[in-house]
Structure formats: C-alpha cells, structure tokens
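Please keep the sequence and the model side by side as you read.

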Amino acid sequence: MGTGSFGASALLRFVASPTDANLQDEYFPRQPQVEVTDLGGNRVGEGMHTISLSLAQGAGRLRGPKVRYTRNGVAIFNRLRIGTPGYDKVLMASAPGLASGMSAPFGVVPHGIPYAMNFISSPTIPVMSGAYFPNEHAV
C-alpha cells in the first residue's frame, strides 16, 4: 500500500480470492473480498459503492449473490460457487466510476477426483533417500 492519500476512490482490488481447493458446484471455502482504493493503493472507506462480480475467464457460470455494497471500503461476498471444473477461472469486480479489478487465477475441482493428500502418520526416525521405511505409513 502507498503512503498518504492519492485522491478519491479510483480502483477495485481483490483482498481475498478463491483458492484452488474449490469443489465443483460447492461454495468457495474462501469467498472473495474486494476493496475500493485510491490511485496510490490506499483503501478508501468513505462512501458506498455497488460492487458486482462476474466470471471474466474460464468456462462456467458464477452462481450466488454477485452484488454487494461496500462497508468501510470493502465488499464481502458469500455463497458463491461455480459448477464447471477447470483451473483457469478469474473473477472480475466492477463498479460504476471505478476501474475494474481481477482476482488471482483459481481452480474448481470436479467431484470424485482427489484434490488433496495428507499423511496420517510419518516416520518417527530419519530415513535416508532410497531406504525402506521401518514401519508402514498411511497417506
């Protein structure tokens, strides 16, 4: 962020974007948040802006409440989801009189495909590369 004020509201910027851990047609675990900034990147908390979200890149349709009003310069969205899988999704935030903002790219995982792997147990002692684990370990 910049230092000092650079005038009136001018830009929209995503404070939070969906992650790649989104399941097909289920609510995003991390919902978008969009802030209003001046030209220096400083949040502008005055005034109320109507922020709209749309799917700017990637196949599918953004579902859920796509319009929110700012409070203290931030619009917080909820209950958004996309029903079409793919790893090329980008959201666009727009508001009258302000430059649009784009989210970071994110993905939507199809149902039935593993998207995360966690170790249930780990070796209790160091193991050299190429050596066998002394006990069985579950993934």
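## Salt bridges and their surroundings

A network of salt bridges links Arg-13, Glu-35 and Arg-43. Here a salt bridge is a side-chain nitrogen of Lys or Arg within 4 Å of a carboxyl oxygen of Asp or Glu. By this rule the count comes to 4 salt bridges.

Before going further, please note that this is a predicted model, in which local features need pLDDT of at least 70 and side-chain atom pairs count only at pLDDT 80 or more, while totals for chains, interfaces and linings use all residues. Residues are numbered from 1 along each chain as its sequence is written, and side-chain values use heavy atoms, with hydrogens and water left out.

Side chains of opposite charge can pair when their charged atoms come close.

| Salt bridge | Closest N and O atoms |
|---|---|
| Glu-35 and Arg-13 | 2.5 Å |
| Arg-63 and Asp-25 | 3.0 Å |
| Asp-25 and Arg-81 | 3.2 Å |

Let's begin with Glu-35 and Arg-13, whose closest N and O atoms are 2.5 Å apart. This pair links distant parts of the chain, with Glu-35 in strand E3 and Arg-13 in strand E1 (residues 11–16), 22 residues apart. Strands (E, at least two residues) and helices (H or I, at least four) are DSSP runs, numbered from the N terminus. Is Glu-35 buried or exposed? Glu-35 counts as buried because its relative accessibility is 3%, whereas Arg-13 is partly exposed at 31%. For these words, buried means under 20% relative accessible area, exposed over 50%, and partly exposed in between (1.4 Å probe, protein chains only).

Asp-25 takes part in a salt bridge with Arg-63, at 3.0 Å between the closest N and O atoms. Arg-63 lies in strand E5 (residues 62–63) and Asp-25 in the loop between strand E2 (22–23) and E3, so the pair ties together parts that are 38 residues apart in sequence. Asp-25 also forms a salt bridge with Arg-81, at 3.2 Å. Since Arg-81 belongs to strand E8 (residues 81–82) and Asp-25 to the loop between E2 and E3, this pair ties together parts that are 56 residues apart in sequence. Asp-25 is partly exposed at 32%, Arg-63 is partly exposed at 27%, and Arg-81 is partly exposed at 22%.

## Two histidines

His-49 sits in the loop between strand E3 (33–37) and strand E4 (50–57). With a relative accessible area of 17%, His-49 is buried. Leaving aside neighbours within four places in sequence, His-49 is in contact (heavy atoms within 4.5 Å) with Ser-9, Val-36, Arg-68, Tyr-69, Thr-70 and Leu-98.

His-111 lies in the segment after strand E11 (106–109) and counts as partly exposed, at 47% relative accessibility. Which residues does His-111 contact, leaving aside its neighbours within four places in sequence? They are Gln-24 and Glu-26. The C-alpha atoms of His-111 and Leu-23 are separated by 6.7 Å, although these residues are 88 residues apart along the chain.

## A nonpolar patch

Tyr-69, a contact of His-49, also belongs to a nonpolar surface patch with Met-48 and Val-67.

Terms used: Patches are made of residues with over 30% relative accessible area and no salt bridge: like charges are joined within 9 Å, nonpolar side chains (Val, Leu, Ile, Met, Phe, Trp, Tyr) within 5 Å. Accessible areas come from the Shrake-Rupley method with a 1.4 Å probe; for residues, only the protein chains shown count as cover.
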